[in-house]
Amino acid sequence: MIVVRTTAELRKVLAEPRDQGKSIGYVPTMGALHEGHLALVREARKRDDVVVASIFVNPLQFGPDEDFETYPRDEDRDLALCEKAEADIAWLPTAEELFPPGFGLIVAVPHLSGVLCGKSRPTHFAGVTTEMTRVLILLAPTAVYLGEKDFQQLVVMKAVVRDLGLPIEVRAVPTVREPDGLALSSRNAYLAGAERQTAASLFRILSQLITRLRAESGAVAAVLAEGRRALTEAGVDRVDYLELVDSETLEPVGEATCGNRLVAAIRVGSTRLIDNMEV
């Protein structure tokens with residue numbers, strides 16, 4: 001595996017395979033890699049000739065009171081895992097590399113970014129879309145691989161690629177879970193003891209709600225109210241949201257139909273967790 005740290009190095013390494021018409025699969029990560037990230041790399045390995053995985057903790061997507069400084073970082077471990085998953089190139093740019101002095105571009109999709117997580121994290125998605133758009137233009141991959149766990153991010157990035165007419169395919173990869181159902185996340189490292197057990201209740205309760213929605217498609221409001229109560233009773237400190245939404249517009253729906261998404265964000269102690277399931 002080749003490790004590069006600058007855009008110039010990356011372009012040089014990719015010049016030959018690009019000239020040969022080889023496909024390039026891109027897996028964006030913020031490091032602190034887990035099986036969810038590695039599933040993206042392995043999917044890219046199956047489908048593309050060259051696999052590039054980036055490791056970059058994007059400062060633009062963190063709010064002023066969020067965990068940018070304490071976000072878990074372990075470069076040596078992450079590189080070893082990338083190599084084990086058979087990435088060809090690991091790209092570790094700096095913030096100065098991606099956002100040089102004078103950089104002032106903002107890429108935003110307000111109608112998709114201002115809902116759900118965007119309500120409590122108003123600057124988050126503009127940070128994601130700005131960084132991701134810059135990287136996609138610099139890298140020009142054939143495809144980018146994103147996890148369904150971050151479902152709103154997936155929908156937003158599909159809109160960016162579509163609206164800018166970028167010749168890149170956005171490929172979604174299913175959520176990878178712990179044995180008890182908890183969606184894998186780098187922030188799970190913050191959980192311990194009773195908080196970890198409480199966090200696992202999110203998957204269990206979402207599963208129960210999906211079963212009810214499939215049986216009672218018109219009872220959305222009642223099912224969601226029941227879900228909020230169940231999460232609170234399970235020890236969740238705060239339910240940021242629990243909604244049934246259209247999978248493309250992210251707008252709330254009043255009747256469950258095939259393809260809708262049940263989406264949730266909760267707080268367990270100081271840790272914010274998200275998850276979603278398809279109806």
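## Charge and surface

How many positive and negative side chains does the protein have, and how far apart do the centres of the two sets lie? There are 31 positive and 40 negative side chains. The centres of these two sets lie 2 Å apart. The model behind these values is predicted.

The protein exposes about 12,900 Å². Carbon and sulfur atoms supply 51% of that area.

## Overall build

The protein holds 10 helices and 9 strands. Its radius of gyration is 19 Å, close to the 19 Å from the globule rule for 279 residues, so the protein is as compact as a globular protein of that length. Along the principal axes, the C-alpha atoms fill a box of roughly 55 × 40 × 40 Å.

Of the 279 residues, 51% are buried. Among contacts with a separation of 6 or more, 72% join residues 24 or more positions apart.

## Strand 3

Strand 3 covers residues 50-55. Is this strand enclosed or open? Buried means under 20% relative accessible area. By that cut-off, 6 of the 6 residues of strand 3 are buried, so the strand is largely enclosed by the rest of the structure. Both of its faces are covered. V50, V52 and S54 are buried on one side. V51, A53 and I55 are buried on the other.

Strand 2 (residues 24-29) pairs with strand 3. The sense is parallel, and the pairing runs over 6 bridges. Within it, Y26 has V52 of strand 3 as its bridge partner.

V13 sits in helix 1 (residues 7-19). Its relative accessibility is 27%, so V13 counts as partly exposed. Which residues does V13 touch, not counting those up to four places away in sequence? They are I2, V4 and I89. H37 is 24 residues from V13 in sequence. In space, the C-alpha atoms of V13 and H37 are 23 Å apart.

T133 belongs to helix 7 (residues 124-139). Is T133 buried or exposed? T133 is buried, with a relative accessible area of 2%. Leaving aside neighbours within four places in sequence, T133 is in contact with V107, V160 and L164.

Note on methods:
Residues are numbered from 1 along each chain as its sequence is written. This is a predicted model: local features need pLDDT of at least 70, side-chain atom pairs count only at pLDDT 80 or more; totals for chains, interfaces and linings use all residues. Side-chain values use heavy atoms; hydrogens and water are left out. Helices (H or I, at least four residues) and strands (E, at least two) are DSSP runs, numbered from the N terminus. The radius of gyration is taken over C-alpha atoms; the globule rule is 2.2 Å times the number of residues to the power 0.38. Buried means under 20% relative accessible area, exposed over 50%, partly exposed in between (1.4 Å probe, protein chains only). Contact means heavy atoms within 4.5 Å. Accessible areas come from the Shrake-Rupley method with a 1.4 Å probe; for residues, only the protein chains shown count as cover. Lys and Arg count as positive and Asp and Glu as negative; His and the chain ends are not counted. The place of a charge is taken as NZ of Lys, CZ of Arg, CG of Asp or CD of Glu. Two strands pair if DSSP finds at least two bridges between them.
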